[in-house]
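Me: I'd like to learn how to read charged side chains in a protein model. Can you walk me through it?

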Amino acid sequence: MKQKLLITMAISGLFLSASAQKVKFTEYDMDNGLHVILHQDKTAPVVAVSVMYHVGAKDEDPQRTGFAHFFEHLLFEGSDNMKRGEFMKTVSSNGGQNNANTTQDRTFYYEVFPSNQLELGLWLESERMLHPKIDEIGVKTQNEVVKEEKRLRIDNAPYGKFTEKIFSSLFQEHPYRWQTIGSMEHLDAAKLSEFIAFFKKYYVPNNAVLTIAGDIDVAQTKALVQKYFEEVPKGAPVVKTVYEVKPVEKEIIDTAYDANIQIPAIFAAYRVPGMKSHDSKVLGLISTLLSGGGSSRLSTKMVDEKKTALQVAAFNYTLEDYGAYITLALPNNNTPLNDLLKDIDAEVVRLQTELISESELTKLQNQFENGYVSKNSKMIGLAENLANGYTFHNKDTNDVNEELDKVRSITREEIREVARKYLNKNQRVVLYYLPKK
């Protein structure tokens, strides 16, 4: 059986190496500062059109939180050349799909169309950038939509506020301390002029990346990009604030109560470097080692063998400036939360004192490569990865091709050293998340 497993792993490794081919792309800047990335892939008659704006929750006024996420919704209202509510109808009626999402660091809009609708996708995104409909009606409408989203995803969702509690403690001196969805009171109090000012400051071509991936003709696509985006005026330079935060040097213990749960949970979270750091990639492998699948260390120990946990997880919540490395467990058989924490801590100490095996490292790298290949096989996933490289890795779009080599270069010794450097009890927040009676 062992021999069969080794053969399977070897074949899998060969397949992944063959699949993870270098991503070819063309990139350039327009006169108005818009960065354009083009990737041609004619394997299917599909094209993804996306725009990533380098604006997220951390760019907001502390008294006006939630603006970036609000614009994720507001910029679907329509434009000077499109009736209110027609944006999504136009996409769906032409065989496309569209969506948007916001983080603390960026906002990402996209459409996926049959490739013969490329021009429509470019027109839609240029309309969004050039003259969107920002008025009292739209603000009021989307305000209600955001409130309902907050009720659904956070207020009434089991364990919906754990990141709010953790981030408010880990990032007391940084805008990451508030959640992306923001404060409903802040949105209620905001005037239309404030929304317009926020748009004019951040949703400008020189703060955006237009990425087009799929079945395209590069020369023709460049001409279409010029046609639809050259008239968009360049905005004032967007200057990012650099925040210096004091290190966490003493364990912070907190408690939260949630009326939506019956089973308690325990969390331990550590402030770690942001996504540009090599250590962030190491922490990603540590997450997979601890809880990536049923054969991971924490799952095997706590769910399968000791049966003390219903669920256990570790993940690296990586962001631009910093990250939060979070471990969590839900008890089984009324196991005390502190016992769960001791078991998780024991596995962390094991990482800090013992080298993982060579076979474990190979498995981790193969798991990463599998996810990498999977995401890049979809045009919208590849478009986002290309935009991420330019936006977050010092304008290095080729980061999409360098990432695998960086992960393959990680050693067992690095895994031990990174665990020693960041995952210590005096550097963390422990959150007891309890049912509200």
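Reply: Here's a short tour of some charged residues. Keep in mind that this is a predicted model.

Me: Let's start with arginine 128. Is arginine 128 buried or exposed?

Reply: To call a residue buried, you want its relative accessible area under 20%. Arginine 128 has 2% relative accessibility, so it counts as buried. You'll find arginine 128 in helix H4, residues 118-130.

Me: What does arginine 128 touch, and what polar contact does its side chain make?

Reply: Leaving out residues up to four places away in sequence, arginine 128 touches Leu75, Phe76, Phe87, Tyr109, Glu111 and Phe199. Its side chain also makes a polar contact of 2.8 Å with the side chain of glutamate 125.

Me: Now salt bridges. How many salt bridges are there?

Reply: For a salt bridge, look for a side-chain nitrogen of Lys or Arg within 4 Å of a carboxyl oxygen of Asp or Glu. That rule gives 37 salt bridges here. One of them joins aspartate 135 and arginine 84, at 2.7 Å from N to O. Aspartate 135 sits in the loop between H4 and helix H5, and arginine 84 in the loop between helix H2 and helix H3, so the pair ties together parts 51 residues apart in sequence.

Me: Which residues are linked in a network of salt bridges?

Reply: Lys301, Lys306, Asp343, Glu347, Arg350 and Glu354 are linked that way. Within that group, glutamate 354 pairs with arginine 350, with their closest N and O atoms 3.8 Å apart.

Terms used. Residues are numbered from 1 along each chain as its sequence is written. This is a predicted model: local features need pLDDT of at least 70, side-chain atom pairs count only at pLDDT 80 or more; totals for chains, interfaces and linings use all residues. Side-chain values use heavy atoms; hydrogens and water are left out. Helices (H or I, at least four residues) and strands (E, at least two) are DSSP runs, numbered from the N terminus. Buried means under 20% relative accessible area, exposed over 50%, partly exposed in between (1.4 Å probe, protein chains only). A polar contact is a pair of N or O atoms within 3.5 Å; within protein, one must be able to donate a hydrogen and the other to accept it, and residues adjacent in sequence count only if both atoms are side-chain atoms. Contact means heavy atoms within 4.5 Å.
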